[in-house]
Amino acid sequence: MQLPTTARLLPLLAPVHLLILSVIVLPSLYVVWLSLNMSSFGQAPSFVGLQNYVRVLADPAFHRALLNTVVLVVVAVHLELAVGLGMALLFASGLPFRRFLLVAVLAPYAVSEVTAVVMWRFLFDPDAGPITLALRALNLPTLDWSFEPSHAMTLIGLLTIWLHLPFTFVIVYAARLAIPAELYEAARIDGATRWQAFRRVTLPLLAPAMLIALLFRYIFAFRLFSEAWLLTKGGPARSTEVVAIYLYQEAFSFNAFGPAAATAWIMVVISLLLAGAYVLLLRRGGLAHAH
């Protein structure tokens with residue numbers, strides 16, 4: 001008797017399921033268990049229920065880290081999207097030396113985050129950085145990021161935008177190239193200006209791609225760690241901490257594994273809320289187009 005198709009495929013799918021189970025599911029369940037216990041090095045875990053979550057949500061340091069993260073996500077991601085959209089439209093308009101400039105635009109994605117941070121630390125060194133010296137020569141304000149929290153947050157935001165702009169640009173640029181030229185020709189024949197063609201043709205057709213870019217960048221930016229940690233380590237006085245650095249400090253500086261695990265799941269919940277909001281927007285957009 002011939003086995004059903006599903007039964008015949010199970011042995012082939014089993015390695016993938018085992019990999020997902022061992023790499024994602026079991027560690028996630030362990031973190032859930034850890035978040036419900038109080039534990040540290042040399043201390044047996046003791047069940048405390050939701051006490052770790054209450055502790056984290058009531059911690060002023062977590063509030064500050066969450067605020068810093070939200071500010072970076074909102075400002076940096078939207079500036080990145082605006083710049084990426086402008087660059088995509090510029091490249092699609094027939095920019096000279098487009099192939100060479102594409103390599104230059106995508107170059108930051110080939111640079112590791114550690115290398116990028118070292119490079120930016122040198123460029124913006126408060127005493128001898130080339131960009132700092134150039135700004136002083138032009139009598140422009142410099143970024144005293146080594147001791148001024150707002151300047152440090154600005155530099156982290158600029159570095160984040162520079163590192164991840166290629167991701168946003170590629171998504172939006174590909175969507176722009178997929179728009180048929182006939183639509184613009186029809187708009188021109190109807191007497192539409194460039195602004196009207198952008199508002200009525202380009203922007204609505206780019207909206208799904210822009211939403212996808214925003215979703216992934218929201219999630220990635222909310223987990224931001226390397227840029228802030230390597231630049232400032234959350235200082236001065238924990239004023240530039242983001243949520244990922246707060247989690248790292250709780251786990252590896254204070255050895256509070258329970259609150260660290262609770263922080264991790266709070267981050268997961270916020271990421272799921274962002275993804276849910278994105279799906280809702282897509283459904284509304286689909287329903288609007290259907291009608």
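Val48 touches Leu36, Asn37 and Met38, leaving out residues up to four places away in sequence, where contact means heavy atoms within 4.5 Å. The residue lies in the loop between β2 (43–47) and α2 (51–57); helices (H or I, at least four residues) and strands (E, at least two) are DSSP runs, numbered from the N terminus. The model is predicted, so that local features need pLDDT of at least 70 and side-chain atom pairs count only at pLDDT 80 or more, while totals for chains, interfaces and linings use all residues. Residues are numbered from 1 along each chain as its sequence is written, and side-chain values use heavy atoms, with hydrogens and water left out.

Ser46 is placed in strand β2. Leu36, Asn37 and Met38 are touched by Ser46, residues up to four places away in sequence not being counted. With a relative accessible area of 33%, Ser46 is partly exposed; buried means under 20% relative accessible area, exposed over 50%, and partly exposed in between (1.4 Å probe, protein chains only). Ser46 and Ala256 are 210 residues apart in sequence, and their C-alpha atoms are 12 Å apart in space. For Val48 and Asn68, 20 residues apart along the chain, the C-alpha separation is 29 Å.

Asn68 itself is in helix α3 (residues 60–92). Asn68 counts as buried because its relative accessibility is 10%. Its contacts, with neighbours within four places in sequence set aside, are Met153, Ser239, Thr240, Glu241 and Val242. Thr263, in helix α12 (residues 257–290), also counts as buried, at 0% relative accessibility. Apart from neighbours within four places in sequence, Thr263 is in contact with Val56, Phe62, Val243, Tyr246 and Leu247.

In UniProt, an unreviewed entry places the feature "domain: ABC transmembrane type-1" at residues 66–278. UniProt positions are given in the numbering used here, feature names are shortened, and annotations may be inferred rather than shown by experiment. In the model, the span of residues 66–278 is 76% helix and 0% strand, and its end C-alpha atoms lie 21 Å apart. The UniProt annotation "transmembrane region", also from an unreviewed entry, covers residues 12–33, 70–93, 100–123, 155–179, 200–220 and 262–282. Residues 70–93 are 96% helix and 0% strand, with end C-alpha atoms 34 Å apart. For residues 155–179, the corresponding values are 92% helix and 0% strand, with 36 Å between the end C-alpha atoms.

Helix α7 (residues 149–177) has 29 residues and, at 1.5 Å a residue, should span 42 Å; the 41 Å between its end C-alpha atoms agrees with this. The expected span is 1.5 Å times one less than the number of residues. At His164, α7 bends by about 50°, and a proline, Pro166, follows within four residues. The bend at a residue is the angle between axes fitted to the seven residues ending there and the seven starting there.

The axes of α7 and helix α4 (residues 98–106) come within 9 Å and cross at roughly 140°. These axes are lines fitted to C-alpha atoms, for helices over the stretch in contact, and angles run from 0 to 180 degrees between N-to-C directions. The two helices α4 and α7 are therefore oblique to each other; angles under 35 degrees count as roughly parallel, over 145 as roughly antiparallel, 65 to 115 as roughly perpendicular and the rest as oblique. On the α4 side, Arg98, Leu102, Val105 and Leu106 meet Pro166, Phe169, Val170 and Tyr173 of α7. An α-helix has 3.6 residues a turn, so residues three or four places apart point the same way.

Ile131 lies in helix α6 and, at 30% relative accessibility, counts as partly exposed. Ile131 touches Leu123 and Phe124, residues up to four places away in sequence not being counted. The C-alpha atoms of Ile131 and Trp120 are separated by 9.5 Å, with the two residues 11 apart along the chain.

In the loop between α6 (130–137) and α7 is Asn139. Its phi is near 55°, a positive value in a residue other than glycine. Asn139 counts as exposed, at 70% relative accessibility. Lys233, in the loop between α10 (226–232) and α11 (243–253), has a phi near 55°, again positive in a residue other than glycine. At 49% relative accessibility, Lys233 counts as partly exposed.
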